[in-house]
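Biologist: Please show me the structure. Then we can go through it together, one question at a time.

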Amino acid sequence: MEANDDQVGSGKAAWQTTSITIERTRRDIYTTSGFLDDAAADQTAGVVSSTFVQDGRILSPTADECRPGESPPSRATLREGDLAVVLVRRVGDSALVTAEHAGCTATRSIGIIRAEPHIVRWLRIWLQTPTAKDRIDEDVTAHVEPTISLDTLHRMLFPLPPPDVVTAYHRTFALIEEMISLYQHTARKAMELADALHDDVAASEPSWDTRTLAKVARLKTGRGSESSLPLTPAELAVDLIAPRDLYDLPVPHVHRFRLRGPARDGAVHPPGTFMLSTRSDGAHIAVSSRAATPLRSVVAVRPLDDEDGWWLLHELRSRSNAIVALAQGQTRREISALRLKSLALTWPDRFTRADFRRDAEPLHATARLLVSKIATLHTLREALLRDISAKAGVLREPTAEPEGRHLDPSAPRGKGDVDETGWGLDARRGHA
């Protein structure tokens with residue numbers, strides 16, 4: 001970003017405090033929300049719900065079926081250049097609509113902001129800052145799920161840099177996000193290749209031995225919950241792993257977990273332990289990179305022989321549905337290490353397992369390296385967002401004020417909210 005530093009900094013004094021309500025008196029800004037239920041996104045082609053707005057992008061799997069020419073547009077029809085803002089659950093997350101999703105229909109959990117390019121580009125960045133997140137949190141209602149209204153977005157004050165400064169920031173954040181996406185894609189492919197190598201070996205000899213999990217690994221169920229953790233981590237703290245920290249990880253490697261807590265005798269597991277939890281969509285597994293303690297509904301699995309680690313991991317990954325059926329109790333929520341011990345595994349001879357370890361290790365090393373790089377990029381991104389909040393400081397009086405409405409010229413300063421996993425930002429904000 002060196003080439004843009006002077007450009008970004010030069011506009012600091014010219015940043016003006018404004019809001020969508022104020023800007024409507026100066027320029028064309030259109031805002032609305034969708035009208036379909038979120039369930040329609042799973043049942044109808046070309047419908048985008050808040051679930052699909054993640055990490056600054058729209059990830060709808062039905063994007064190819066958005067055909068604006070086949071049905072009359074409505075107020076909820078997305079156009080290229082719109083800003084789609086999440087109004088329910090992960091409130092404030094947003095994404096710019098690209099040509100890929102132009103013509104799709106937004107559900108009621110999505111707010112749509114349509115304005116000049118530098119306005120929507122800046123709002124997407126500003127909504128990620130600690131100051132904006134704190135301001136949104138003040139207006140969140142939670143009768144059933146965290147929710148904000150379009151009116152909150154209309155009234156929220158924000159600093160607006162000159163267009164050239166917005167362009168510089170937009171380019172910087174876009175490059176960071178593109179690199180994160182590239183690293184994520186490459187790491188996933190490395191794990192998919194390791195999975196394929198495992199499946200090929202497992203199927204190559206029908207007479208391979210079968211072992212139960214209890215014969216090849218030690219298992220221990222986690223105890224305690226997030227709500228019972230001390231407010232301040234102990235001096236000798238370790239990573240604490242809750243079920244939601246394992247859900248939706250692109251690969252099983254995690255740079256660091258978001259929770260830290262006191263080390264309890266007998267409950268701390270060494271680096272390289274597999275942390276496993278289940279959900280209706282299957283088993284979710286991560287490999288700890290530091291000493292860690294599982295919380296309730298997480299089982300720590302450690303191979304009896306470390307040399308068998310990668311074979312055991314890919315066996316568990318290949319038996320995701322069987323683990324769900326076997327490990328969960330009557331409520332289908334609490335995982336049971338006792339029942340998990342009887343899981344049947346394909347177990348080749350030690351020479352075959354050693355060959356697989358040699359093939360899989362470079363792939364896992366690649367994934368670990370990429371996870372570390374992703375964490376570094378997230379750290380850079382969060383530092384830039386904190387810097388933007390600092391530049392805004394205490395917001396000045398707006399240069400215009402709508403008649404009959406008083407606007408508070410100050411906004412709270414926020415703290416950084418770094419994604420500790422090294423992946424996306426949705427997990428820590430309750431992504432299901």
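Modeller: A definition comes before anything else: helices (H or I, at least four residues) and strands (E, at least two) are DSSP runs, numbered from the N terminus. This is a predicted model, where local features need pLDDT of at least 70, side-chain atom pairs count only at pLDDT 80 or more, and totals for chains, interfaces and linings use all residues. Residues are numbered from 1 along each chain as its sequence is written, and side-chain values use heavy atoms, with hydrogens and water left out.

Biologist: Is S297 buried or exposed?

Modeller: S297 sits in the loop between strand 17 and strand 18 (299-303). Its phi is near 75 degrees, a positive value in a residue other than glycine. Buried means under 20% relative accessible area, exposed over 50%, partly exposed in between (1.4 Å probe, protein chains only). S297 has 11% relative accessibility, so it counts as buried.

Biologist: How does D248 count by relative accessibility?

Modeller: D248 lies in the loop between strand 13 and strand 14. Its phi is near 65 degrees, again positive in a residue other than glycine. Its relative accessibility is 37%, so D248 counts as partly exposed.

Biologist: How are helix 7 and helix 12 oriented to each other?

Modeller: Axes are lines fitted to C-alpha atoms, for helices over the stretch in contact, and angles run from 0 to 180 degrees between N-to-C directions. The axes of helix 7 (residues 163-204) and helix 12 (residues 350-392) come within 9 Å and cross at roughly 165 degrees. Angles under 35 degrees count as roughly parallel, over 145 as roughly antiparallel, 65 to 115 as roughly perpendicular and the rest as oblique. Helix 7 and helix 12 are therefore roughly antiparallel.

Biologist: What is the relative accessible area of T21?

Modeller: T21 is found in helix 2 (residues 20-23). T21 counts as buried, because its relative accessible area is 17%.
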